[in-house]
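Student: Before I use any of the terms in this description, I would like to see what stands behind each of them. Could we go through the model that way?

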Amino acid sequence: MLMKRLFSSFFLLMLLYSAFAVKAVNPTGTIPIVYINTQGGAPVVDKVTKIPATMRIAVPDGYTTLNGRTAQNLQNVVLSIRGRGNASWRMDKKPYKLKFDAKTEILGMPKSKHFALIPYAVNLISYGCVAGMELARCTGQSWAPYSEPVEFVLNGEYLGRYFMVESVKIDKNRLNIAEQPDLNEDESIMDGGWLVEIDNTVNDTQIVIPETAEMNLRVTYHTPEALSAKQKEWLTGQFTNMNSAIYSGDTTGAGWAELIDPVSVARYFIVREVLGDTDGFNGSFYLHKDLGEGTKWVFGPMWDLSLDTKRDWIFYDHPSYSKVHWIEPMFNTEVFFANLVEQWENIKGRMNQVYDYIDRLGVLTKDADVANNKRWPQYESANSIERAERSKKVIQDNIEWIDSEISYMAGTGVAVRPDDMSAISFEDGKFRVGFVRGGLKLDVFRVDGSLVRTFVCNGGETFDAGIFGKGVFFVRASGETVWPVTLKVVN
């Protein structure tokens, strides 16, 4: 009995010590420290309740920010804080939404009332977020949110490393377009100043239209925040028309390109694909439209990015829970592919600058990462330099894959695959399957993305392409020894 009691007491002491050790971790002060104290020490328990608070920021002497700016110490900044995010809010290390009483310059980022504290947490996701925004700037997108690494202390408790991030807002220092008024009834200004998000969650500030027979398209409106009946009718009509044009089966894509800027689509697509962000067309999928004659809907700004090794185009390789909206039928049109090729050639040489950006992040956060890992031992604990190197390797590999695929599809190169063999080809109405170890699975799609048929070949076979019927088709070949590749077939 005595031994049992001694063991139980020792086990309890170890648990208490472990809990204390985690909570006793202190910030390093090697990057800016954000201190927020809520009124009366109230906890932040949900995403709705705005808790009054004050903030101060302590910046190390001589510190230059990730984005090459000078940062200032701040004292007694009045704000409110609440939770934010969807799946991320359910994690132990939570994200927060900040709203300042007055527009404030934070860590060299232009003045605004709206920022977010995003946790540095899982695997390469955080590097994907930061690198992805820099990639967006490389592509020429009009604005992408800046972020700065910080250490965060809430009500005296050290919560580890975070990013202070610009929220997506219409503002002269951010997305600089006209702003559609709430509850507007004036039709002369109805067609501009919109910021919306194709969303994967259900909320009260969205319109819903059927995208296909199998799924709906949920569009959350951020600006304006409240719609009049006329605004709701206008927005519903816009997305109904865009959706109809995208799924029309028109292989030129001319219909949707009259409504949506195809250059912005290509640039958005490139960023998501370079990151291998398999959730990229599921949620946090923003579009905006400025006011003015001839303005179109524009894809972006970027938000909620991740990073992973590519195995295929996102719309072929994504989680089963993820519903990919719009991009597959758009991909299968001439206007999309022409803009993709042009933008890729313009952009790919500039994307190397993201490697220096990642290196700088790794060096800046080296010591802070050690403290963060102690505070959150349940998350992956690789150090910042290792994560930076892994992130660069993933991005480099993804760029090479995309470059190979685009060259192959454009007829200017051969897709990279084991044994350097051409898996499929189309010429003179004949569809040929090369000799491929392990065989091939062939999926035949119409332009609208609908599946015509799937069959398996052992290789070395030739088909009359007429078996697919009349029209334009895309044949996707995949196998154990072959990189997935797509071929356009016109009958």
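Tutor: Let us begin with pairing: two strands pair if DSSP finds at least two bridges between them, and strands (E, at least two residues) and helices (H or I, at least four) are DSSP runs numbered from the N terminus. The model is a predicted one, in which local features need pLDDT of at least 70 and side-chain atom pairs count only at pLDDT 80 or more, while totals for chains, interfaces and linings use all residues. Residues are numbered from 1 along each chain as its sequence is written, and side-chain values use heavy atoms, with hydrogens and water left out.

Student: What makes strand S2 and strand S3 a pair?

Tutor: Strand S2 (residues 51–58) and strand S3 (residues 74–83) are joined by 6 bridges in the antiparallel sense, and the requirement is at least two bridges, so the two strands count as paired.

Student: Which strands close into the barrel, and in what order?

Tutor: The barrel is closed by 7 strands in the order S1-S2-S3-S4-S5-S7-S6, with mixed pairing. From one strand to the next the twist averages 35°, where axes are lines fitted to C-alpha atoms, for helices over the stretch in contact, and angles run from 0 to 180 degrees between N-to-C directions. Helix H9 (residues 366–375) packs on the sheet and touches strand S6 (147–154) and strand S7 (157–166), its direction making about 125° with that of S7.

Student: Why is Ile57 called buried?

Tutor: Buried means under 20% relative accessible area, exposed over 50%, and partly exposed in between (1.4 Å probe, protein chains only). Ile57, which lies in strand S2, has a relative accessible area of 1%, and therefore counts as buried. Leaving aside neighbours within four places in sequence, Ile57 is in contact (heavy atoms within 4.5 Å) with several residues, including Pro32, Ile33 and Leu74. Ile57 and Leu74 are 17 residues apart in sequence, yet 4.9 Å apart in space, C-alpha to C-alpha.

Student: How do you know that the side chain of Gln231 makes a polar contact with the backbone nitrogen of Leu183?

Tutor: A polar contact is a pair of N or O atoms within 3.5 Å; within protein, one must be able to donate a hydrogen and the other to accept it, and residues adjacent in sequence count only if both atoms are side-chain atoms. The side chain of Gln231 reaches the backbone nitrogen of Leu183 at 3.2 Å, and a polar atom of that side chain lies 2.9 Å from the backbone nitrogen of Ser228, so both distances fall within the cut-off. Gln231 belongs to helix H3 (residues 229–246) and is itself buried, with a relative accessible area of 0%.
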